[in-house]
Amino acid sequence: MMYAGDDEVVTVTNQSTAPQSLAGWRLQSYGGTPCRLIPEQVFVLPADLTLASGASVRIHSGPQALNKPPTDLKWTEDTVWNNGGDRADLLSADGKLVTSLAYGACQ
C-alpha cells in the first residue's frame with residue numbers, strides 16, 4: 001500500500017500465484033492521537049472484484065479521486081489519509097488482517 005497527494009491512492013496487489021476474490025474485503029483508516037480506527041473511514045471492496053495473480057487495484061480518495069473500475073475505485077472525495085500519520089489495514093472478508101501500513105504518528 002502507498003499513500004500520496006490530492007488524489008490519495010492505496011494500491012492493493014495480489015502477490016499470490018492464484019486469483020483472489022476481494023469480495024467483502026475492507027480497507028480501514030486509523031488516525032488521531034492515540035491512533036484509533038475511524039469508523040466512518042472504512043471502504044468495502046466490491047463483491048465482483050477478483051484480482052489475477054500479480055494484478056493490482058488502486059483505491060482513490062480525496063478531491064481528485066479517480067474512478068475507473070475495475071483497476072481504479074473511488075472511495076470518497078473526502079481526504080482519508082493524514083499527512084502527519086495514519087494507518088491503513090486491509091482485512092479479508094472474514095476479518096483477518098492481511099496487511100497493514102503505518103506512518104508518522106501512527107507508527
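Two strands pair if DSSP finds at least two bridges between them, and strands themselves are DSSP runs (E, at least two residues), numbered from the N terminus.

View 1. Welcome to a predicted model, in which local features need pLDDT of at least 70, side-chain atom pairs count only at pLDDT 80 or more, and totals for chains use all residues. Residues are numbered from 1 along each chain as its sequence is written, and side-chain values use heavy atoms, without hydrogens and water. Strand S3 covers residues 26-31 and strand S4 residues 36-44; their pairing is antiparallel, over 5 bridges. Look for Leu 27, which stands opposite Phe 43 of S4.

**View 2. The turn of the hairpin.** Between S3 and S4 lie 4 residues, and in this hairpin Gly 32 has a positive phi near 85 degrees.

**View 3. The whole chain, strand by strand.** You will find 9 strands and 0 helices here. The C-alpha atoms fill a box of roughly 40 × 30 × 20 Å along the principal axes. Of the contacts (heavy atoms within 4.5 Å) with a separation of 6 or more, 52% join residues 24 or more positions apart.

View 4. Among the 107 residues, 36% are buried, meaning under 20% relative accessible area with a 1.4 Å probe, counting protein chains only. The chain exposes about 5,900 Å², and carbon and sulfur atoms supply 51% of that area, computed by the Shrake-Rupley method with a 1.4 Å probe.

Conventions
Buried < 20%, exposed > 50% of the residue type's maximum accessible area, 1.4 Å probe, protein only.
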